[in-house]
Amino acid sequence: MDNKMILVVDDDKLNLSIAEDILNKNYGVKSVLSGPECLAALEEDLPDLILLDLVMPKMDGYEVMDRIRSNPGWKHIPVIFLTASTDSATELKCLEMGAIDFIGKPFEPRIMLRRVDRSIELLSFQRQQNQIIEEKVKELEKLKYEFTRKIANIVEGRDGSTGGHVQRTCEYVRVIVEELKRDSVYSDLMTEAFCEKMIMSAILHDIGKIKISDMILNKPGKLTQEEFAIMKEHVTFGTEMIDDLLKTNQDNEYYQISREIALYHHEKWAGGGYPFNLRGTDIPLSARIMAVSDVYDALVSERCYKDPMPLEQALGVIEDLAGTHFDPVIVQAFLNRRREIEEISRNFN
């Protein structure tokens with residue numbers, strides 16, 4: 001236990017001295033005399049446990065506790081209140097504010113040490129359990145990704161492509177989100193979690209094509225109006241499948257991004273897309289990113305109904321469609337990495 005650090009906060013020097021004598025055989029102890037000193041100490045180093053006096057001048061324990069719980073970097077630190085009060089109302093308020101325990105004054109050495117030991121043991125157990133849970137979640141995330149990737153590959157095997165579309169579009173998405181993040185574009189939306197899940201979700205953008213007839217998917221010529229109307233239904237089919245697969249999943253952001261990509265990746269920046277004829281930023285960012293990736297790969301890929309377009313020409317088409325078909329900011333991010341885009345186009349087949 002000697003590697004654990006306890007921060008003791010009390011405006012009475014004698015109480016601090018007693019607490020140090022009780023605890024310093026088993027723990028590292030840092031003592032401060034006021035609430036402001038406590039907050040300053042937390043800015044320097046984070047303890048494993050805080051013993052916090054309730055009644056102090058200038059800033060009492062309640063206010064200090066409120067500051068701790070409102071700070072994302074501190075709110076996980078367990079707090080035990082130190083108080084001379086024995087009434088139930090005080091105890092209840094301490095617990096409601098998030099304290100894990102309280103220690104009465106004057107300090108009884110065995111009680112103080114036992115309660116601190118118990119709190120540290122509980123903290124260590126919780127950390128072990130959280131680590132186990134995190135590992136299991138990562139395993140489930142990997143299985144979920146592999147499952148959805150295999151479904152996407154099944155779809156890809158039916159739609160007349162020459163292979164690699166799913167992998168390439170995911171790579172294009174990765175490049176775009178990296179570039180947007182590097183340039184601090186859409187920074188309010190481009191969190192680390194969004195970027196990671198955007199790349200994962202890209203594999204599901206055309207999952208609804210599994211419900212489209214092979215006669216339409218693999219038709220060598222232009223689709224009729226009736227056939228194209230059926231083809232457009234893949235976005236709603238895909239959304240329904242994602243609802244079935246992921247709606248009950250604990251990772252709601254992954255579900256939401258996957259759903260947005262499947263449903264909206266054929267909407268156009270200036271309108272005229274489907275299924276809802278959305279415009280501009282009414283189209284979710286995830287779908288706007290997917291749209292550029294999907295169309296570019298369709299242009300450079302061989303399909304049953306067309307030959308591949310040269311890479312430079314395809315990049316020119318994407319650039320020309322900025323502001324009409326595509327979000328111009330996303331197109332610029334895409335073009336900023338044209339060399340990497342071209343490498344992906346050549347190598348992921």
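Predicted model: local features only at pLDDT ≥ 70, side-chain atom pairs only at ≥ 80, totals over all residues.

1. Leaving aside residues up to four places away in sequence, N15 touches D10, K105 and F107, where a contact means heavy atoms within 4.5 Å. N15 belongs to helix 1, which covers residues 13–23, and N15 is buried with a relative accessible area of 15%; buried stands for under 20% relative accessible area, exposed for over 50% and partly exposed for values in between, with a 1.4 Å probe and protein chains only.

2. Residues are numbered from 1 along each chain as its sequence is written, and side-chain values use heavy atoms, with hydrogens and water left out.

3. The secondary structure of the protein amounts to 15 helices and five strands, these being DSSP runs numbered from the N terminus, with at least four residues (H or I) for a helix and at least two (E) for a strand.

4. Strand 3, residues 49–53, is largely enclosed by the rest of the structure, because five of its five residues are buried. L49, L51 and D53 point one way from the strand, while I50 and L52 point the other way, and all are buried.

5. Strand 1, residues 5–9, is mostly covered, with four of its five residues buried. Strand 1 pairs in the parallel sense with strand 2, residues 28–32, over five bridges, and also with strand 3, again in the parallel sense, over four bridges; pairing requires that DSSP finds at least two bridges between two strands. V9 stands opposite V32 in strand 2, and in strand 3 the bridge partner of V9 is L52.

6. Strand 3 is in turn joined by four bridges to strand 4, residues 79–83, and the two run parallel. Here the bridge partner of D53 is L82 in strand 4.

7. As for the whole protein, the radius of gyration is 29 Å, whereas a compact globule of 349 residues would have one near 20 Å; the value is taken over C-alpha atoms, and the globule rule is 2.2 Å times the number of residues to the power 0.38. The C-alpha trace spans about 90 × 35 × 35 Å along its principal axes, and 45% of the 349 residues count as buried.
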